[in-house]
Amino acid sequence: MAKMSPSTLRIGYRYRPTRLAPDYDAIVIGSGIGGLTTAALLSDLGWKVCVLEQHYTAGGFTHSYERGGYEWDVGVHYIGEVGASTRTRKMFDYLSNGQLKWAPMDSEYDRFYVGDKVFNAIAGKEEFRDNLVRQFPEEAHAIDQYLKLLDRSGDALSAFGMGRGLSTWMRWLLKPWLAWRLRSPFNKGTWEVLSELTDDPDLIATLCGQWGDMGLPPKRSPFMAHAMIARHYLYGGYYPTGGSWRIADTIIPKIQAAGGEVFTYARVEQILVENGRISGVEMKDGHRIDCNCVISSAGVDNTFNHLLPEDVATKSGYRRHMENVQPSVGHLGVYIGLKGTAKELGLPKTNFWIYPGNDYDKALDDFLEDQDAPFPIVYISFPSAKDPDYENRHPGTATIEIVAPAPYERFEKWREATWGKRGDDYEAYKEMLGERLMEHLYDKLPHLRGKVDYFEVSTPLSTNWFGGYQRGELYGLAHTRQRMQQDWLRPKTTIPGLWLTGQDVLTCGVTGAMMAGLITTLSLVGARKMGPLMKRIYA
Ligand SMILES: Cc1cc2nc3c(=O)[nH]c(=O)nc-3n(C[C@H](O)[C@H](O)[C@H](O)COP(=O)(O)OP(=O)(O)OC[C@H]3O[C@@H](n4cnc5c(N)ncnc54)[C@H](O)[C@@H]3O)c2cc1C
């Protein structure tokens, strides 16, 4: 086993107080895609932005790490809507100055193992439909109805995003229109909507086979979040060529070009408020950075429960609002290294989703009650197979990743210990969980037994350590129906000078958090200044 030394794959500039510019137009807390998008767009409008990232490398969940000659991504397994000139693709092209390239996965980009049955998702709307009809010949009508709902969901999702970005009075003015756009079925639960279309539990299971992409199975999730994911991947999955760290690596130059910087090892301890308005931030080393505009991309839990002074968070009502949302579940990650290339080992460019049966909600209930119950969902990804450049960076090797849910409470007792030094009992627990997950891999690809050179397991404590999420949340706030109705989850806060961005503002996913960056910028600078920028992005 390779030694657990920190990764050497690092981007961003190490923070030192002496490296700060005398002043900044805005401070962004967190260098995930939400924070970087906001910073890059503001930079294009001439703002000098200081991005402060607590981790040793920039990118948030888009960062990658290297160990023992292998490289893994931590929160980017596939992105949709980048194979054609869509709004998503144009935004990535703009932010990265055309430097970020995308590699398509296999046309069967997701495979669902549901008990002893196997279903799949095929790239392309027609192909997806025809393939589903082949798998469920009796259900052609239901499948067509479902696809019609996905078509309609585009308007609902735009209205949802717009609602978050509008000023209070504009939102009030447009309330009837927004309500109409977000009417049934987009205000209903996923199971409710799908069970009106079909009685076939296997078809529902197949349509919901990507529930792990937003963290809640059908009886717990809003149909809008389901539709967002399903639409996003309808035309297949793509992987960033060169690894997911290339996302931040290609965006940072835009911020630097305007005189800004992305600092790593830069933990913000407190957001400072004076006379009721934002006055800057205090760093962990006690240094104070003055600025009257602070944009938090560190998640609303961190922002309102940890970074803002308690009296401000309480008086402004945000502590009360926080009672209406919950953290998403934590996760285990297994990072596997193999000798031999993806091609030699026959690794696919297809994600595997493994379920004990077609009742996803029951499986999750069972697992939450009893940790020895089968994992309700096991996701397996083959990053080195998806990245055409991987072999240039790590010749003769391949990587695999496994993700599965893991409630934070099961790890909480080791919370205070330092990364890499949490003790033998923690290591043994991780090892046991890792071995259980490895068996899922060997079950599907038995020829890999004996070929694994290295594996390590991350837990919700790793997400807390490296990503700053207090309870190791996989996707920030849980995507419940109640969360989708929280109007205060918007860029503009009621505390003058404090803004929000990132996955808690709209939805999770790299694209969701990136679009939150766009909406935050729009809210900050207004439509008049944003207009020409939007033209440049979407020309
Ligand atoms: C295992 C996993 C797999 C995923 N797979 C996919 C996928 O295949 N496709 C997809 O589209 N999405 C995927 N996602 C989701 C996606 O990665 C996230 O939704 C998105 O990247 C979130 O971006 P963000 O900017 O909102 O937050 P983050 O990327 O989490 O950024 C927040 C940043 O704030 C920093 N921070 C926190 N507190 C402080 C502080 N006090 N001071 C300074 N910095 C601070 C953190 O270190 C972090 O870097 C996955 C996520 C996970 C966990």
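Guide: A helix here is a DSSP run of H or I with at least four residues, a strand is a run of E with at least two, and both are numbered from the N terminus. The model itself is predicted.

Visitor: Which helix, then, gives the largest share of the lining of the second largest pocket?

Guide: Helix 4 does, with four residues. That pocket has a volume of about 520 Å³, and its lining comprises 19 residues, with L178, L182, M484, Q485 and D487 nearest its centre. Helix 5 (168-173), helix 6 (175-181) and helix 20 (481-484) join helix 4 as the elements that give two or more residues to this lining.

Visitor: What does the lining of the second largest pocket look like by class?

Guide: It divides into 10 nonpolar, three polar and six charged residues.

Visitor: Which word describes the way helix 4 and helix 7 lie to each other, and why?

Guide: Helix 4 (residues 140-165) and helix 7 (residues 190-197) pack at an angle of about 140°, with their axes 9 Å apart. Angles over 145 degrees would count as roughly antiparallel and those from 65 to 115 as roughly perpendicular, while the rest, apart from angles under 35, count as oblique. The pair is therefore called oblique. The contact is made by A142, Q145, Y146 and L149 of helix 4 with V193, L194 and L197 of helix 7, and these residues divide into six nonpolar, one polar and no charged.

Visitor: What makes strand 1 and strand 20 the edge strands?

Guide: Six strands form an open sheet with parallel pairing, in the order 1-10-3-2-14-20. Strand 1 (13-14) and strand 20 (498-500) each pair on one side only, and they are the edge strands.

Visitor: How do you know that strand 3 and strand 10 are paired?

Guide: Pairing requires at least two bridges found by DSSP. Strand 3 (residues 49-52) and strand 10 (residues 261-264) have three, in the parallel sense, so by that criterion they pair. V51 has V262 in strand 10 as its bridge partner. Helix 10 (residues 245-257) packs on the sheet, where it touches strand 3 and strand 10, and its direction makes about 120° with that of strand 10.

Visitor: What lines the largest cavity, and how much space lies in it?

Guide: About 330 Å³ of space lies in the largest cavity, which 24 residues line, V74, Y335, S458, S462 and F466 being the closest to its centre. Helix 19 supplies the largest share of that lining, four residues. By class, the lining has 10 nonpolar, nine polar and five charged residues.

Key. Residues numbered from 1 in each chain as written. Predicted model: local features only at pLDDT ≥ 70, side-chain atom pairs only at ≥ 80, totals over all residues. Heavy atoms only, no water. Contact = heavy atoms within 4.5 Å. Axes fitted to C-alpha atoms, helices over the stretch in contact; angles between N-to-C directions. Nonpolar A, V, L, I, M, F, W, Y, C, P; charged D, E, K, R; others polar. 1 Å grid on protein atoms, 1.4 Å probe; cavity = no way out; pocket = protein on both sides within 12 Å on 5 of 7 lines; lining within 4 Å. Points joined across faces, edges and corners; volume = space filled by probe spheres on them.
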